[in-house]
Amino acid sequence: MLHQNNKITIQPKFDYKLLFKNFLKYNKYLSKKYLFSSGRMSLYYGISSLQKRLNIKKVLLPSLICEEIIPVFKMLGIEIIYYQLNENLEIDYNYIEKCVKEDNYFVFIINYFGYPSNWKKILELKSKYGFMIIEDNAHSLYGKYNEKKLGLFGDISFTSFRKILPLLTGSELKINIKHERIVLNKLTKFPSKDEFIYLFRNFKPSFLNPNIKKNNYTDKIDIEKCQMDYLSYKIYTNNIFDELYIESIRYKNFLYWKNFLINSDLKYFNFIKNKFCPYVFPCIAPTQQEKEYWINWGTKNNISIINWPKLPNSENYYIDNNQLKNIIFFPVNHHNDISLNANYYAYN
Ligand SMILES: Cc1ncc(COP(=O)(O)O)c(C=O)c1O
């Protein structure tokens, strides 16, 4: 028998109701949008389209980055150079300046956790040196910086739908400069084995080990299978997601954790007070033990608390700030109003 698992997860669970509601509708063709299966695919096709015109062979990547991104650059023959960030995620602009003065680079900027980077400063540098910016909005589907939507700051930008929306796959690539149109021979694909596993990750079929293999997206990308899966495409193109609602519940959950953890030893990031649409509530554990304590606390309380990211292990990779290795994520996913469960939670 299948029964739904009530764990509070970082990413929303796939929404079967939305699928039934939208399944028989005629597929809309969003002709102006570039849709791909994942952030990585968008990134691959975005850079490829720029490379047709520009000869850029190096990228400046932040040292706080997940290893999943790395294969994209390797496949495109782009050398990776890492720049550093302090514990408030402020970029080492001097280092970036030193590099872009001397050579042509893609500069990769992440709007971490849904929170915008310092675009004023980044664009000032860009106007001085004229490098290409890749804007990573994998965590930031709905966000603004000074009233301008995220996604419009980089020369290219990409999102990752499944992190915020109840879908299996999907990502929008935006190319904000003149380019040759990317044409794909197919719009969608049949869900892959891994995507099917992901589809059922919230159920515990009694005939299987309850620990279904987690959504383990591979370390290589198969660029032929770059389309969104058919089921997610159906939902995405036919359904209007309520951005304001999603933002308000997520932000409420964010504030819940902020308040709940106030007397813990966890260190918060210094976000300015404005409301935004968070991907998670992130904080830094001061020690390895503290990190493990909270991950175990999550397991006991049926809440996914994870250490992020899985850092790259390539030879030239390094991260100056050891604190950034101990980031943990608390879920704020809008399918749960965490304050409603709040009475159960206690720590120490
Ligand atoms: C900051 C960041 N960028 C990019 C990605 C890649 O997105 P996707 O999993 O959709 O390829 C991830 C997550 O894996 C991420 O956390």
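Two housekeeping points. Residues are numbered from 1 along each chain as its sequence is written. And this is a predicted model, where local features need pLDDT of at least 70, side-chain atom pairs count only at pLDDT 80 or more, and totals for chains, interfaces and linings use all residues.

Back to Asn302. Its phi is positive, about 60°, although Asn302 is not a glycine. Some background: most residues other than glycine have a negative phi, and most peptide bonds are trans. Asn302 counts as partly exposed because it has 13 C-beta neighbours inside 10 Å. The cut-offs go like this: buried is 20 or more other C-beta atoms within 10 Å of the residue's own, exposed is 12 or fewer, and partly exposed is in between, with C-beta atoms placed from the backbone.

Phe113 also has a positive phi, near 60°. You'll find Phe113 in the loop between β4 (106–110) and α5 (119–129). Is Phe113 buried or exposed? Phe113 has 22 C-beta neighbours inside 10 Å, so it counts as buried.

Pro309 belongs to the loop between β14 (306–307) and β15 (327–331).

Now zoom out. The protein chain has nine helices and 15 strands. Its radius of gyration is 20 Å, close to the 20 Å from the globule rule for 348 residues, so the chain is as compact as a globular protein of that length. That radius is taken over C-alpha atoms, and the rule is 2.2 Å times the number of residues to the power 0.38.

The chain is divided into domain 1 (16–238) and domain 2 (243–344), with bounds from an automatic or database domain assignment. Their C-alpha centres lie 21 Å apart. How many residues of domain 1 touch domain 2? In domain 1, 22 residues are in contact with 26 residues of domain 2, where contact means C-beta atoms, placed from the backbone, within 7 Å.

Last stop, the ligand. Of the 13 residues around the ligand, Ser38, Gly39, Arg40, Ala138 and Ser160 come nearest; near means a C-beta atom, placed from the backbone, within 6 Å.

Conventions. Helices (H or I, at least four residues) and strands (E, at least two) are DSSP runs, numbered from the N terminus. Two residues are in contact if their C-beta atoms, placed from the backbone, lie within 7 Å.
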